[in-house]
Each structure stands twice: as structure tokens, then as C-alpha cells.
Amino acid sequence: MSLQQLNADRFEEIIYDNCEPCLVIFSRKGCHVCKEVVPMLEELQPQYKDKFGFYYVDVEEDKNLFQRFSLKGVPQILFFNDGEFQGKLAGQVEDEQVEEKIEEVLGA
């Protein structure tokens, strides 16, 4: 299962209108670290089906979203819940780090 891509409009809808608990990875196709982190997120995704959303933003296609959060470099994983920014993980991350952050965001 691949991550659903967000553009600026979908981002607003998912994060702020639906207030969905989710993560959004900001990545780009040519990034070697992204190519390792994105598949790891795709593997985690089924565990959180219907509880936590997994999305991505291609920073080359949506520079404005990338700049809006003052991000430097990719990959950056941003976490949201109830329309609020809940923190981020940057660079090469392990699945355990992502799972811990998801549990924290969900308040488990």
C-alpha cells in the first residue's frame, strides 16, 4: 500500500478540516534517505488502518507547503492531530521512533 500524496488543497482538508490524526512525510524523488524511509512508512501503515493516516508531500511539486513549515532538508515527517502540529522527525528514522511518536500523538 503506498502513501497517499497530498497537494495544498488536500493537505488543508485532511489536516485542518477533517482534523485527522496523521503523519505527512515531506520528501522528493531523488532523495536517497527518502527512498529508505518511505517504504518503512508503507510497511507500518496497515497497522494503523482507520486510526492514523499516512501521507506524503513531494517537495518539488509543492514547494509552498514545504516552505510554510520552514523545513530544511528531506525527509521530514510531521505529525498532526485535531488540526494541531504534534512534532516532527527528520532524516533517517527507525520504525520504532515513528511508532512511538504515533502512540504519543494518539494519546495511547
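The following paragraphs go through selected residues of this structure and their surroundings.

The model is predicted, so local features are given only at pLDDT of at least 70 and side-chain atom pairs only at pLDDT 80 or more, while totals for chains, interfaces and linings use all residues. Residues are numbered from 1 along each chain as its sequence is written, and side-chain values use heavy atoms, with hydrogens and water left out.

Helices and strands are DSSP runs numbered from the N terminus, where a helix (H or I) has at least four residues and a strand (E) at least two. Cysteine 19 sits in the loop that runs between helix H1 (8-17) and strand S2 (22-27). Its relative accessibility is 26%, so cysteine 19 counts as partly exposed; the term covers values between buried (under 20% relative accessible area) and exposed (over 50%), with a 1.4 Å probe and protein chains only. Cysteine 19 and glycine 83 are 64 residues apart along the chain, yet their C-alpha atoms are separated by 4.6 Å. Contact here means heavy atoms within 4.5 Å. Apart from neighbours within four places in sequence, cysteine 19 is in contact with Ile14, Asn81, Asp82 and Gly83.

One of these partners, asparagine 81, belongs to strand S4 (residues 76-81). Asparagine 81 counts as buried because its relative accessibility is 14%. Beyond four places in sequence, asparagine 81 is in contact with Cys19, Glu20, Pro21, Gln86 and Val105. Gln86 is also among the contacts of lysine 101, together with Phe79, Gly87 and Leu89, again leaving aside neighbours within four places. Lysine 101 is part of helix H4 (residues 95-106) and is buried, with a relative accessible area of 13%.

Strand S3 (residues 53-58) holds tyrosine 56, which is partly exposed at a relative accessible area of 21%. With neighbours within four places set aside, tyrosine 56 is in contact with Leu3, Gln4, Gln5, Leu6, Val24, Ile25 and Ser27. The side chains of tyrosine 56 and glutamine 5 also make a polar contact, at 2.8 Å. A polar contact is a pair of N or O atoms within 3.5 Å; within protein, one must be able to donate a hydrogen and the other to accept it, and residues adjacent in sequence count only if both atoms are side-chain atoms.

Some backbone details come next. The peptide bond joining valine 74 and proline 75 is cis, with omega about 0°. Proline 75 lies in the loop between helix H3 (63-68) and S4. Serine 70 lies in the loop between H3 and S4; its phi is near 50°, a positive value in a residue other than glycine, and at 52% relative accessibility serine 70 is exposed. Aspartate 50, in the loop between helix H2 (34-44) and S3, has a positive phi near 65° and is exposed at 76% relative accessibility.

The aromatic rings remain. Rings of Phe, Tyr and Trp (its six-membered ring) pair if their centres lie within 6.5 Å; planes under 30 degrees apart count as stacked, over 60 as edge-to-face and the rest as tilted. The whole structure has ten aromatic pairs. In the pair of phenylalanine 69 and phenylalanine 80, the ring centres are 5.8 Å apart and the planes stand at 65°, so the pair is edge-to-face. Phenylalanine 69 lies in the loop between H3 and S4 and phenylalanine 80 in strand S4, so this pair ties together parts eleven residues apart in sequence. Phenylalanine 80 is buried, with a relative accessible area of 0%. Ring pairs link Phe69 and Phe80 into a cluster with Phe11, Tyr16, Phe26, Phe66 and Phe85.
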